[in-house]
Amino acid sequence: MTDSAHHHVDVKQFHPRAREAIGNPKIRQNFRRAMDGLMAKRKSAFEGWDLETLRELGANIRLRALANLPDLLEQLEQKLTDNGIKVHWAVDGDEACRIIRDICVARDAKSVIKGKSMVSEEMELNHYLSGEGIEALESDLGEYIVQLADETPSHIIMPAIHKNTGEISELMHDKTGTDLSNDVEYLTASARQQLREKFMNADVGVSGVNFAVAETGTLCLVENEGNGRMTTTVPPCHIAVTGIEKVVPSLEDVSALLALLTRSATGQHITTYFNMISGPRKPEELDGPEEVHLVLVDNGRATIYQDDELLDTLRCIRCGACMNHCPVYTRVGGHAYGTTYPGPIGKILMPHMVGLDEGRHLPTASSLCGACGEVCPVKIPIPDLLVRLRQESVDGDKLHPARVRGHGAKRSSLEAMIWKGWSWMHSNAGVYRFGTGLATRFRMLQPGKAGAWTDYRTAPKLASKTLHERMKERKQ
Amino acid sequence: MSSRNTILQRLRNRSGGTLSAPECDFSVLKRPDWSTAERLDRFEQMIESVHGEVHRCTEDSWVDRLAEVLTTRGARNLLIPKEHSIGLRLRTEAQREDLPNLLIYDEPIESWQSVLFNDVDASITSTRGGIAETGSLILWPTPDEPRLMSLVAPIHIAVLRADELYTTLHDAMRAQNWASGMPTNALLISGPSKTADIEQTLAYGVHGPKELIVLVIE
Amino acid sequence: MADPIKVYPAKPRKVYFFGTCLVDMFYPDAGIAGVELLEREGIEVIFPQGQTCCGQPAYTSGYHDEARSVARAQLDLFPEDWPIVVPSGSCGGMMRKHYPALFRDTGDEARAASVAERVWELTDFLLNVCHIKLEDLGQPTKVAMHTSCSARREMGVAEVGPALIGQLNNVTLVEQVRAEECCGFGGTFAVRHPEISGAMVSEKVDALVETGTQDFVTTDCGCLMNIAGYAEKNRKPLTGQHILSFLWERTNKAGGGS
């Protein structure tokens, strides 16, 4: 992705990290408990709704926006400019980082306070800015904790979900001198105090965007803590950064997507704050930033946009419901993936950002159970996209040639040969019947071990006669 | 070529061809036609479910209620709007013993930031209505009621007129014609500031107000 | 995802039976039980001897050329306009949901669509097309059920198994916690990511054991060999059966409802 990619844990190390997480009862328990709670809350938040119809609307709104994406981006740019917000475009994360640095340098800014932004994680903004001598401090409590620990978020909505109170207390004690305590209120209050100072002294606030509305030139932010409002109101300069796919035509669209987003994410009917920003401080106003910027980041999205099937990836509104409901994510946690976006959405999005060669294990780490697709508020067919990427990673379809960067990297001649042999046998009924008949007849020779399968289970036992044979006998 | 044009050109010359846009039917967002009383009940229930407070008052009684609320909490001062009728009314009653010291936000934040952040106990603002379904207040900050008035003090008191309660966000934005133009900042506020980032345990007042108190004028 | 609206056909005179490769080699009793149940409903069962596998293992592994070759060999087997019943949500899902995509832009597109729209998961077919009425001949017992993810989410039959078991007077269906969660089978997933799959199946087995019954039934042989195989290897008091075997055993007079 970028030359600073080494800062991240290696995406290729999925297996060992997953193994480690599974062997760690504390991590397992933290995630299980959290995910159980989130699933139950989501369910109850949608009670009384015609959820299927609402999801259909969500999907259509996103598809309509994507269908008009270039027009909407231009309309958004025009409206924002009219409103006094400066718009920047970045083809990748590096360019986005440079744009933000240049804005900071022009203002002689040394300290940046951040609201939650996954795109800034994607481009590793904090790491970049610190290399440029600019301190970037996270202000979302979860992100703040993760930053103190020098880690990355393990969930896109709840970044510090992998840590329990005791661990957080020790961390805050070591890094900030907060007294050790298991009282969450106390820990929260002490973070409030520490961060208030930072808000007052920050030169620039950087935030993400949940929806960018083309019709009115409005940037919408969804949050509970108020740090997003602080970030976008207190420092004299606010820089919002977002992926190019986040634009929607109208505020009406937002009313539906918001209803889906918060209920899907945390089971809330709405978040505490829904912050709609349409311009910098006007001369007669007494607060708010004097400068507002929007950085529109492509970083692989325009490439995803080219393909009719992969395009669905861009519908995502980043609610995290797919990970909350994913049995794999629940077992391994967010860090095992080694990617900005973990869980099912990460498995279909990250291969485009890091390449299918780097991210080859991601699409396979799924039982294709379909829980993710079932809860997705915008009906992204995640399991189908996982299969598509599996095909791309082994160049497995001559009719529909692979197109994702790094495709084919997982293809091994041995595995390809095995599938060819398998295919030959199962495409020829006579061969198949001969083979299966033979196998069942000599079933006592069946090995008791069958690779990784029998590490956890006994081998399935061959029947004495196949169904083919028994149906033939039955007829006679 | 500029990054802007590179991106837009790639989107326009999409290799998969142009995309057709599906129709969007918003009727699923429609809720039953609640009466004003039902809307208020729902609003109250939703605000209380997220740790907020609702006090039903009248045009005559709201200042008494406010005084009570502030006295119980020992607030030393209250930030009020200068021009809005809420502020005017309070200033006429400024001599009341049970009201704390009244402060007015009439200078740019830069000149008094640390006072606002450290010394203001409570603030009161008007609203542009509310949303029953989700228990939300609509705030459009103005020069008279700047953005930080509803964010920085530990107690935020909002005055809501019962007849300005809409059923859904969708209804509210259409009735108020938001599409015709938005202010520099507009907000939905649906409870006090909160977080569940430490082991999913709820804690209030993490960055913004610890308490949200709504005075509903019926 | 499940059909928004499923349109069941009228009860036919004949059906094609697609047995699936796992039933063929490992659980033929389940296949026979399915055939018996259909025949008892007065339906003639045609079992094309040319059938092998739906092609799913290669498909979900990304080897679509190989999957297509195997799937194409199945398309020839069902020339008449009869329903195709499958004793598996997973293989049924492959044929019903994924054949159209697999054969898109090929000369077999129409044939694949004609097969896909006739495919029914067998318990769904028994309940909603045959309107089967089960008479329980067995002793009182408790049983748990694991509905496979594809039966639940691709074929939309999560309610079917419980409804059929509900017809059995002497059987109490007990529900495990997180009934909707995957057992961790997922085809080649189980061997590509053995630790994750192992963690999933161990929790599924615990959940089933905690219901207090030693018996579970399932719609799919993949889940069956996964869950029962884990229980056996780890000496957990749990044995499993395909739901068709269970239904047939409870209701056939010759077997005395064992």
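**View 1. A:F274 stands opposite B:L188 in β9(B).** This close-up looks at strands from two chains. Strand β9 (residues 273–277) of chain A and strand β9 (residues 185–189) of chain B run antiparallel, joined by five bridges. Strands here are DSSP runs of E with at least two residues, helices are runs of H or I with at least four, and numbering starts at the N terminus. Two strands count as paired if DSSP finds at least two bridges between them. In general, strands of a sheet pair through backbone hydrogen bonds, either parallel or antiparallel.

A quick note for all the views: this is a predicted model, in which local features need pLDDT of at least 70 and side-chain atom pairs count only at pLDDT 80 or more, while totals for chains, interfaces and linings use all residues. Residues are numbered from 1 along each chain as its sequence is written, and chains are lettered from A and ligands numbered from 1 in the order in which they are written.

**View 2. Chain A meets chain B.** Here 80 residues of chain A touch 65 residues of chain B; a contact means that the C-beta atoms of two residues, placed from the backbone, lie within 7 Å. Of the two pairs of chains that touch, A and B have the most contacts.

**View 3. Chain A meets chain C.** This time, 55 residues from chain A and 55 residues from chain C take part. Several elements of chain A give two or more residues to its side, including α1 (14–22), α18 (382–393) and α22 (467–475). The most comes from α19(A), with six residues. Sorted by class, chain A's side holds 25 nonpolar, 17 polar and 13 charged residues. What about chains B and C? No contact joins chain B and chain C, and their closest C-alpha atoms lie 15 Å apart.

**View 4. An open sheet in chain A has six strands.** The strands line up in the order β1-β10-β7-β4-β2-β3, with parallel pairing. At the edges sit β1 (86–90) and β3 (135–138) of chain A, each pairing on one side only. Zoom in on strand β2 (residues 111–114) of chain A, and you find four bridges in the parallel sense to β3(A). There, A:K114 has A:E138 of β3(A) as its bridge partner.

**View 5. Chain C is divided into two parts, domain 1 (14–128) and domain 2 (141–251).** These bounds come from an automatic or database domain assignment. Taken over C-alpha atoms, the domain centres are 22 Å apart. Where the domains of chain C touch, domain 1 gives 27 residues and domain 2 gives 23. Elements giving two or more residues to the domain 1 side include α2 (28–40) and α5 (89–102) of chain C. That side has 11 nonpolar, 10 polar and six charged residues.

**View 6. B:H51 sits in a loop of chain B.** The loop lies between α2 (36–49) and β1 (53–57) of chain B. Leaving aside neighbours within four places in sequence, B:H51 is in contact with B:G191, B:P192 and B:Y204.

Note on methods
Ala, Val, Leu, Ile, Met, Phe, Trp, Tyr, Cys and Pro count as nonpolar, Asp, Glu, Lys and Arg as charged, and the others, Gly among them, as polar.
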